[in-house]
Structure formats: structure tokens, C-alpha cells
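Hi there,

I am handing over the structure we talked about, and my notes on it follow below. Please have a look at it first and then read on.

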Amino acid sequence: MLDKLKLEPINNWLKKNNWHFYNHQLETVTKTLQGYDVLLVAPTGGGKTLAGFLPALEDLINNQHPKNQLHTLYISPLKALTVDVHRNLLAPIQDQKLDIKVETRTGDTSSYKKARQKQAPPHMLMTTPESLALLLASPEANDYFKFLKFLIIDEIHSLVNSKRGDLLSLNLSRLETIAPKCQKLGLSATVKNKNSVLAFLSQKNKSITINVQERSSPSIDILKTDIRVPWSGHMASYAIKDIYKKIINSTMSIVFVNTRAQAELVFNKLWHENEKNLKIAIHHGSLEKEMRRKVENMMSRGLLDCVVATSSLDLGIDWGNIDLVIQIGSPKGIARFLQRIGRSNHRLNEPSRALLVPSNRFEYLECVSAISSIRENILDEINDKEGSLDVLAQHILGVACSKPFEVNELFTEIKNSWPYRNLQIKKFLEVLEFVKNGGYSLKNYDQYSKIGLNKENLYTIKNKNIRNKYRLNVGTIVESYMLKVKLGNRTLGQVEEWFIEGLNEGDTFLFGGRILEYQYLSNNNVIVRTTKDQQPKIPSYAGGRLPLSSELSFQVRSLISKEENWKNLPSQISEWLRLQLKFSNIPGPEELLVETFPRNIKNKKRYFLICYSFEGRNANQTLGFLISKRMQRMGYKPIGFVATEYALAIWSMNMVEDINILLSDDIMLDDLYEWLEETPLLKKNFRDAAIISGLIERIIPGQKKTGKQIMFNSDLIFDVLKKHEPNHLLLQVARQDSYRGLIDLDRLSKFLKRIKKNIILKKLNQISPLAIPLILEINRQTIDKSEVNEYFLQELEEQMTKEVGLN
Amino acid sequence: MKSFKFKNHEFQISLDGILFWIEKKIAIISDLHLEKGSSYASTGQLIPPYDSLETLNNLIKNLEKNKVSELIFLGDTFHDDQASERMSHETDLLFKRLIKTYKVIFIRGNHDNKLSIDGVICCEKYVLDGIHFIHEASKENINQVSGHFHPVASLRVNSKKITAKCLVHSENLIILPSYGQYTGGLNITKSPLREFIDVNSTIYLLSNKSVYKLPVSKIKNLL
């Protein structure tokens, strides 16, 4: 087989290193040679990236390619990944002295280098979806890509179900028009519905999925500790000493956390424990690029003992010899967890080693469920998503920037993009109208339209200025406005504007592992100084809150529903469940347990209603809004509610009598639409849509707007549109995104249908064991900051455990 | 509506930001920024074209509810020098109706510093009973009513933050909130606006439902 494939140079290089081809790598080459588009589904560390590049290498080694013409395009969702893959690919090329030029092109590439890449393209270019969109929007795009033979999309599963994926897919369709013979290769982590990912990659008949078996199942444990697992909270402070011991006993470890705030806190606490002066570093998305690169570099050279990281280190980068992955808190989804575990022992035939540290009791159940799901090969599903119209608007303008287009031709091309396969011509024309003149029924703006018909009846941009502005506004990621954190002349990284707004001068916070004192704001820089303060205010970043996946949620419900499953749980957890069963009830996988009980808050009698839905924080939050609204109407006088991943707690002045009316799905959805119109969420989504679609600019050259000004403007536009054009395209997009996103409408309506006849109501006289974490959470979230101290919570906890009879 | 005394004259501030000088039947309005929308549109940001119409409609509606014969606009009535040329026919009619119905005085602002309209007073400063009507507040020790800064204030109420337009009333000066639909704001804690505010100042906050009188000395977390 090898002889036929003529891959000698690569094979020689492998042999030199005592490596050999994996079967899936050779199969990828064979299938590509037969003309297939290939989706390669394999666990991390399986030589997936090399497999993706092999067909292109083979072709460059054995065939002629026109001089100075791009041969292969590699797209990855992460800039860091393009850099890493670039480095890895250069190894065999340099070793075997192959005449193959490989370069990266991202937002970080210098404009000088970018210009040169346009003049004399390398054979292989590694880039991101945004940089690809920019390349395609240039007038030379046709000439640049017309000889393209291979297109490789890495981590394709992470792009499928997002606006970023919409943008990429539209551009894939564009490339297909420019270079119809180009073959596509997608590299994906293991997911449940591979067919959606394949369809996203290619809709050719000749397309195929190559599936690589999971390697020997990973060895995953939950941290064993003598200390009691906390009822609520997310910081896992109780386990720091035990975690430190594990770090000592491993060569190099990664401690994964879910939020940047957790990263800062865990990092800080580990350093307090660090008697042995281990080299422990921190890595998250807010830190300055140079600081992150430094940490990455030290990791790959094996100079560190441990890194505390957020999802900034999730995707398939090879960071050297990690032999232990510690996950603090639940990983929230099975795919994400597998990916994180994959960071350790980056070899296909060795099992990876991982340790889970649940930060509270419900998370303990989640961790147990995640482990058994992995053992039984249960995977998360990627939900299909219709292409977003704001992204389409951006794309249409991009196409016009590149060259004049004919309406029907463009429509056909867009329909070839998987997320837009169901797009109706009427909707398409509505988006086109929006790009042209804003899509208002008042036609004041025709004179300012961005695109218009030329003499040949083709749409083209009105002037060059529009192309320049498009370039500055491309992309689908709208971040909160960030401010630079400056210590003297050094930039440490960035924080969200709203976080700083909540600080007073002299307040301290953790950032990049230091305790910093906020001094003042100057030219959008946050000026800080170091402090000896030992008790920092923790930055509670918005990012990183991941919802519990539906699959994992089902697994947790199944786990607790049968008493026989509890025997593998530590006694403190099983005892908790047993007491709950005795005291109240434990719901089956398809049931909903609702408890009501009275309880005093500050000496006033209140009635609590708790729904254990296990449907994730977003769905519970929405449910909370809807139920309290209805309770209000029914005269129960609700006071407040708290939503966690697992349950919803509402407290009111009057006792709820009829649960079924509160939870009936038909009225519920009517309320939802009404409620949504009033939420800040809709406004936020409107702002994002306005920016993505190009209605509002991100940056105006020479004029720096602060995030708040952008927000203020978009709010004004929102109000005006709602009044004058309630069905404007962008309002449609904002509503759609709200249903999909934080509200989790889909999940909520499935939930309401599921529980219809399956509600177990327990009217109790006092708090149940399962409700303790909720009540603690209420106090954590609602009481004045000054009153919340650990002492107060501890006292409350002791009191409640005594009430339900736990020790 | 909230009433207050300024230099022994009675004034009223309405919820939407019109200042009434009761005894003189004068309404004072600032920073309409007409055609701000189309000014953005001409540079490629096609934000909805309803702002001027909305601003003028609101203004006319509220003026009609009060006994007013004279209007003083404190500048930046138009967003730029070409704004009046971009106005739609409908907007133009409303504007003409306004200057026909009332005696109108336009103070010029930094956005419309070349403003001139046939048969209407357009000037930099207008003085009445010792009160100077100007666009931007002056450090000189004169009694003055101005606009320009679009003051807004943020307050924490029950741990929620509320930000709204406001009128600033210090001993010798009043700074009006902006009236235009698409006008943003400068927080009163930010320079240079904060230099016109001291512990004896009062803020009139225009929230959704009513006007709140807030003495600066009594507000924590404000300055």
C-alpha cells in the first residue's frame, strides 16, 4: 500500500523517529485519491492532523502545481492552533528538505507579511474562519483560490453549531464556486451525530466518514477526600490540599476549571499551598497574549509542573508531556470532558489519566454520570442550527466587496451552504434589502445604500470605503467591551468594562495570579498597583459559564432514580439521597419532583417551591421568570427565585396550591414570547446582531468608542425599531437567538412536554435534604454582600443539616 | 414634572426633558441632534431613519399640552450643517410648523455652528432677566442655562443600577439633558461635566415613570 501511495519522504521521517503510519492516516489518503471529501473522526492524539495533511503532501510531492499558487488551505477555530500545527508540520518538511512552503495568516500576522502572502502565496496557508472571510472579500479572491486543491478544517465539530460556523460554511460554498475541484477534509473529535458534521463539511455524493475507535478507555477517578463535599458553591476550595498532593506526584499536570474567576482563585490557593515551590502557571483568555504564549512555550518544553487553565487550552494543541488532567467542577458535557482528558498522555495507545474534583454535591452526581457515560460510550449530540440571517448579511456584503454578483447565482451558492439549505428566496431578498439600505419601509436611505446594481445588472459595492469598513467589522464574535489592565507600563491583560464599573477605587481583585488594587481609569486603561492585601475581591467574569448538556442531565436523573446505583457513591452522598427518599421523594428519569415547604427568612414566614428539573441554568432561569410571573397573576406574591443547573427555587408570601396550572406548557409558551420582549437579553442579542450584520460598526477608524456607547446606541435603535418596524430583520434575529441561547426555549419546551403527566408534588413541612444547596445558593446570591461571609453561610448550613437530620 | 426655583424664577422640568419657564411661557430644549441617523447613514451605518420624526413629534405633542408661546433651543438642534437638507419631507413639514407656531430662538451649538434660518433668531447667546442661555456651560460667574453635555446619572437602587438622562441644577447654572432620540450621554461623574457640580447641586433624574429630585449631597456612590 505504501509503495502505491508514494509517501517515502514522510515515511522516512516517521521511521527515523521510530514511528509508523496509522491505518486511518493511510485510509484518508486512499479515499482522497479516489476523489472523496473525508471527515476523519478520531480521539485527540491519534495523528489526526497529519492524516489531514497527508493527501496534500502526497500531491505536492508527486505532482506539479502551478508556481506561486495556493495549494492547500488549513482552517482552525483557534489562532494558537494554527501556530502549533504549523510548527508540527514543518518538522517532516524541514527534515526531509521538501520544497513546500507553509505559512500562517491570522489577525496576529503583520500587514507586511499579509501583503507578501497575497503576492506570492505559500503552498499551504493556515488560517482562521475570519481571516478566510477577509481573503475572500478581496477583489483578487478568484485568482488567489482558483488552483486550490485541498481544504482542511480542524476541530470542525466545534464550529458546526454556531454563527462562526455559519460564516465558515458560507465561505466554503464560495470556495466551491471558485475552485470546484478542491477536496475537503474535516477533522473532528468524537460526537454522536457524525452525519451532521459530514453534511456541514460537504454535500457531495462522494463524501465519507472515517471513524477511529476510541483508544483504551481513559482512567478517570473522582478525588477521594476525608473532607465533606460542600452543599453549594463552585470554587472547590475544600480540595486544594488534596489537589496539591496530586500535582506533586505527577510530572506535569493541567488543572482545568470552567470560569476565569475559578482559575484565578484556584491558582491563588495553590500558591498558598506551594511549600515545594513547584512551577505552577495560569492560562486564560483574558491574559495578555505574550503571557499566554510564554506559558504555552514553557509547557511544550516541559518546564512547568502544573498549569491552571480554562477552555483556552481545550482544543487539540499538543502541549508536551502532560500525565495528569485534573478537572475542577463538572465538565458540563461529555464531549468537552473527553477533549480535556485527551490532553494527558497524548498517544493513541496509552490510556489517559484524569481526576475529577466536584465542587459541590450535585456536581458529584454529575461527575459520576460523566464517567459512566464515557465508559458506556454515550456521547453529546450536536444540535443542528439554521443559518443566522445577520451572518448572511455580513457575507452578502463580503461577496459584493469581492466582485459584482448576480442575485440568483448568489442565492444558489448560499443554498449550497449546509446551515442555509432551507433558506427561502423571500428571506434571502429581505436580507439583501437590509444590506442595501437597512431594510426600512421608509425609503429615506436609498441614496446611502451600500450596494447597488451596475450596468450589467449585477450588485456591487457603491465605493471602496465600504470594503475598508467591511474589513474592520468582519467576524461573528461580539465580545463584551474589554479594558486593558495596566501595572505601570506593563499590560497584564483585559477585563470586561462592567466588572470595573462595579469597583471602587482601592478595591482589590485577583488577576493573572496577582492581587491588584484598582486605582483609576485612564484612556480606557485600568490602572492598578500591587498590594499586600490578602483578601481580594474575586473577578466574577461573565465568560465560561457552560450549560449542563441534555445528555448528561439525563444521565444524572437516571443515576439518582435507582437506589442500586447509589452503592458506588461515597457514603456522605448516598446518605444524602437516602434521607431525601425517606423525607420526600427522588424523581425517576422522566419525572419532575416539585417540593413546597414553609421556611422563615429573617423571621418572616415564606413559602418555597422547588422544581428539580436538571435542565441547566439557562432553562431554569427562564422557567423561574415564567413561573413567578404566573404566580404573581394568581396572587401567590412571589418574592424571588434562584436557578442552578439542577433546580429552581421560588419563594413567595402565599402558599402555592395548584402546581399543574403553574407548569402547563401551552400558557407557558405564550407568556414566554410576551416576557422575552421586555428582557435585557433581547437587547443584548439585538446589539450583537446589529454588529454582526454591519448595521453598527465595531470600530470607527480614528474614533474610539467605549463599549457602553455602542450599547447605548444599539438600545436606542432597538427602541425605535420596535416601535416603527416591529418585524425588522434584526429584531427577528435577536428573537431567534434569544430562544436558542440563554433562554434555551427548545430544551424548555421539550422539558414541559416530558413532565406533563409526570409531576410528583410533595407538600412538606420543612426543608428537604435535596433543597439544602438551593437555600444556600439563595443566600449566596441575594443577601447584601457585606452580610455574606463564610461564617454566616456555615452557620446556616449547620442549622439546615440539623433540621433534616444529617450529621 | 418637577418644579424648582432658579434665581427666584419658577421652572419646571418635564419627564421627557423640556424645561419650562412658567411666568414667561417659555420652553427650553437642548440637543435635538436632528438627522443624526441619516448622518450615520451617509457614512455607511444605516441605522433606522425615524429619529427626527420621533423627536419632533414628541416635542410638539408635549408643547401642546402646556401653555407656551416661546421656544429656546440651546444648540445642536441639528446634528450637522447638512442635516436640514437630508430631512424627509414629513420631517421638514413638522419643523416648519414648529417655527411658525412659536416664537423661536436658536442658540448655535458645536454641531450646528453655522445655523441660520430665514426670519428666525439664530445666535450664540441669548440673555433674559440676567439669565444667559448658551450652548456649553461657562466657567464665568454668570447665571446660565445650557446643554451640550447630555448629562446622565447612574444610581444604585436595591443593587440594581439605573442610568438615565438628568438635569443638573447648581447654584448659578442649569444644564439640560439632551432631547434627541439618538443622543447618548455623559455621566455627571465624568470630567468635564463634574466640574460644574458640587455638594449643593441637585440632580433631576428622568426615569421611565417620573422625575426624581436628588440632592447630590444625599446620594452615595454618585460623585
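Into which domains is chain A divided? Please keep in mind that this is a predicted model. Chain A splits into domain 1 (2-211), domain 2 (219-375), domain 3 (482-530) and domain 4 (584-807).

Two of these domains touch: 5 residues of domain 2 of chain A are in contact with 8 residues of domain 4 of chain A. On the domain 2 side of that contact, the residues sort by class into 2 nonpolar, 2 polar and 1 charged.

Now to chain B, which has 4 helices and 16 strands. Its radius of gyration is 17 Å, close to the 17 Å that the globule rule gives for 223 residues, so chain B is as compact as a globular protein of that length. Along the principal axes, the C-alpha atoms of chain B fill a box of roughly 50 × 40 × 35 Å. Of its 223 residues, 45% count as buried. Looking at contacts in chain B with a separation of 6 or more, 64% are between residues 24 or more positions apart.

Finally, the interface. Here 16 residues of chain B are in contact with 23 residues of chain A. On the chain B side, the elements that give two or more residues are α1 (36-41) and α2 (51-64) of chain B. By class, that side of chain B has 7 nonpolar, 7 polar and 2 charged residues.

Best wishes

Technical notes. Residues numbered from 1 in each chain as written. Chains lettered and ligands numbered in written order. Predicted model: local features only at pLDDT ≥ 70, side-chain atom pairs only at ≥ 80, totals over all residues. Rg over C-alpha atoms; globule rule 2.2 N^0.38 Å. Buried ≥ 20, exposed ≤ 12 C-beta atoms within 10 Å, placed from the backbone. Contact = placed C-beta atoms within 7 Å. Domains from an automatic or database assignment. Nonpolar A, V, L, I, M, F, W, Y, C, P; charged D, E, K, R; others polar.
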